[in-house]
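Please look through the following structure with this briefing at hand, which takes up salt bridges and then a pocket.

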Amino acid sequence: MAESSQISEEKKDDENSHKHQELIHHGRAESMDMDTDDDGSRSNFHTEMKKPMRPEEQFIAYIHMKKSRRKALTELRSRVEDAVLGNYILKDGKPHESKKMQENENLDQDISLWGVPLLPSKGHEGTDIILLKFLKARDFKVSEAFNMLRRTLIWRREFKTDGILDENFGPELENVVYIKGTDKEGHPLCYNVCGAFKDREFWRKTFGSEDKCEEFIRWRVQSMERVIQKLSFKGEGGGGVDSMVQIMDLKNSPRPSNKELRLVTKKAVTLLQDNYPELIFRHIIINVPFWYYASHTLISKFISQRTKSKFILARPSNVADTLLKFVAPETLPVQYGGLKRENDKEFSSADKALEVIVKTGTIETIKIPTPEDGVTVVWDMTVVGWDVTYKEEFIPEDEGSYEILLEKGKKMGESVRNSFYINEPGKIVITVGNATYKKKRIFYRFRSKPTVPMYVYFE
């Protein structure tokens with residue numbers, strides 16, 4: 001009878017797990033879902049667009065969480081509660097020593113991580129999100145997750161991370177790591193431009209001494225803390241996301257033959273993995289040269305299998321195709337095949353692009369209607385994979401008027417922006433030819449704006 005009851009309970013757990021997956025598919029459960037199944041296989045939850053869950057849906061997600069994982073979360077909550085109330089979570093003391101510690105020191109119940117209180121009994125909606133990150137990083141082994149959390153808190157105190165955002169490391173590094181836009185699911189995009197280190201003088205200033213290398217590590221931690229400011233640990237009901245997307249650009253990046261670079265890279269990778277678990281949703285490395293694959297294999301020895309699964313590598317010819325799978329063209333910078341330009345006065349990320357497919361060996365035309373005169377039409381266009389020819393012309397509505405060639409046929413190798421003043425009704429026609437053996441995706445957008453002709457100013 002007991003055996004029958006156990007089988008029934010396991011079957012119920014399996015059904016609950018299936019319901020939980022369906023729930024995640026239809027609603028956003030980024031913090032409560034588990035990326036890895038019990039057998040270690042990778043799930044596809046994160047490939048779906050996710051919507052904020054209502055509080056009751058969040059509770060259902062918790063109920064449908066696999067029993068073993070729910071038990072692990074409950075146990076970790078209890079251990080953290082005891083450690084905080086026992087005042088030993090930041091010390092090397094043991095639980096049985098907590099009473100003596102409380103007698104000699106003031107009890108600190110305000111211990112927090114990334115702005116979230118860690119004392120479960122405070123009832124903060126983000127506490128479980130933080131604890132789950134440590135559990136997921138340690139395959140739901142409670143003791144290992146608890147020790148990882150303790151080590152992180154001790155490291156943050158010793159490294160003095162609380163004031164690191166106020167430290168100034170000079171303007172040179174500002175363009176090496178920067179935050180710009182979000183992916184299609186709302187994760188902040190953190191760009192890392194490694195080509196800057198090819199400059200010998202910049203290299204010397206950054207890695208020229210042991211102190212400089214330590215300063216670089218602090219700057220790297222500061223960069224991570226800045227991105228965390230963009231994240232939300234308020235639970236599903238509060239909206240937002242609790243992880244980021246890292247995009248590392250290796251174009252013109254120096255080879256890792258320098259001893260200092262190898263040591264600093266190893267230390268930075270290990271430090272970030274040990275103290276910032278599950279904050280990287282996806283790590284995309286672009287413009288990957290052939291020599292990097294050997295380096296990546298070496299670095300992979302120091303990171304977990306779970307972290308490895310988040311890496312995506314793209315050769316220079318596949319940069320735009322790779323990034324546009326995750327980032328909207330309106331958000332992706334033009335240097336990576338998108339439409340976003342710095343200090344753009346014509347378009348914003350809210351101006352959505354249209355998509356056209358050009359099949360292999362065919363020609364497609366994009367027609368922009370211009371029914372009114374006295375306006376200037378501005379348009380953007382980018383092609384995934386390039387290798388197409390295009391021309392632009394204005395065709396007036398009046399058959400007696402002349403067609404105007406705006407851009408004669410040429411090969412397209414970068415994002416295009418053009419404009420034309422309309423002095424009579426007609427249409428802008430963009431002709432794109434694809435002579436390759438692969439279909440091409442075109443993203444474009446346009447707008448009209450009232451314009452006073454230049455000759456008016458001269459009258």
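**Salt bridges and a pocket**

Lys 310 is buried, with a relative accessible area of 9% (buried means under 20% relative accessible area, exposed over 50%, and partly exposed in between, using a 1.4 Å probe and protein chains only). This is a predicted model, in which local features need pLDDT of at least 70 and side-chain atom pairs count only at pLDDT 80 or more, while totals for chains, interfaces and linings use all residues. Residues are numbered from 1 along each chain as its sequence is written, and side-chain values use heavy atoms, with hydrogens and water left out.

**Salt bridges**

- Searching the whole structure gives 19 salt bridges, a salt bridge being a side-chain nitrogen of Lys or Arg within 4 Å of a carboxyl oxygen of Asp or Glu.
- Lys 310 pairs in this way with Glu 278, and the closest N and O atoms are 3.0 Å apart.
- The two residues belong to distant parts of the chain, 32 residues apart, with Glu 278 in the loop between α9 (259-275) and β6 (280-286) and Lys 310 in the loop between α11 (305-308) and β7 (311-313); helices (H or I, at least four residues) and strands (E, at least two) are DSSP runs, numbered from the N terminus.
- Glu 278 is also buried, at a relative accessible area of 12%.
- A salt bridge with an N to O distance of 3.0 Å joins Arg 441 and Glu 355, linking strand β15 (residues 440-450), which holds Arg 441, to strand β8 (residues 354-358), which holds Glu 355, across 86 residues.
- Glu 355 counts as partly exposed, at 44% relative accessibility.

**A salt-bridge network**

- Arg 417 and Asp 380 meet in a salt bridge at 2.8 Å, N to O, with Arg 417 in strand β13 (residues 416-422) and Asp 380 in strand β10 (residues 375-384), 37 residues apart.
- Arg 417 is partly exposed at 26% relative accessible area, whereas Asp 380 is buried at 1%.
- Through salt bridges that share partners, Arg 341, Asp 344, Asp 380, Arg 417 and Arg 445 form one network.

**The second largest pocket**

- The second largest pocket holds about 420 Å³ of space, where a pocket is, on a 1 Å grid over the protein atoms alone, an open set of points where a 1.4 Å probe fits, with protein on both sides within 12 Å along at least five of seven lines, and lining residues have an atom within 4 Å of a point; the volume is the space filled by probe spheres set on the points, which are joined across faces, edges and corners.
- Of its 18 lining residues, Ser 112, Leu 113, Trp 114, Arg 156 and Asp 162 are the closest to the centre.
- Helix α6 gives the most to this lining, with three residues.
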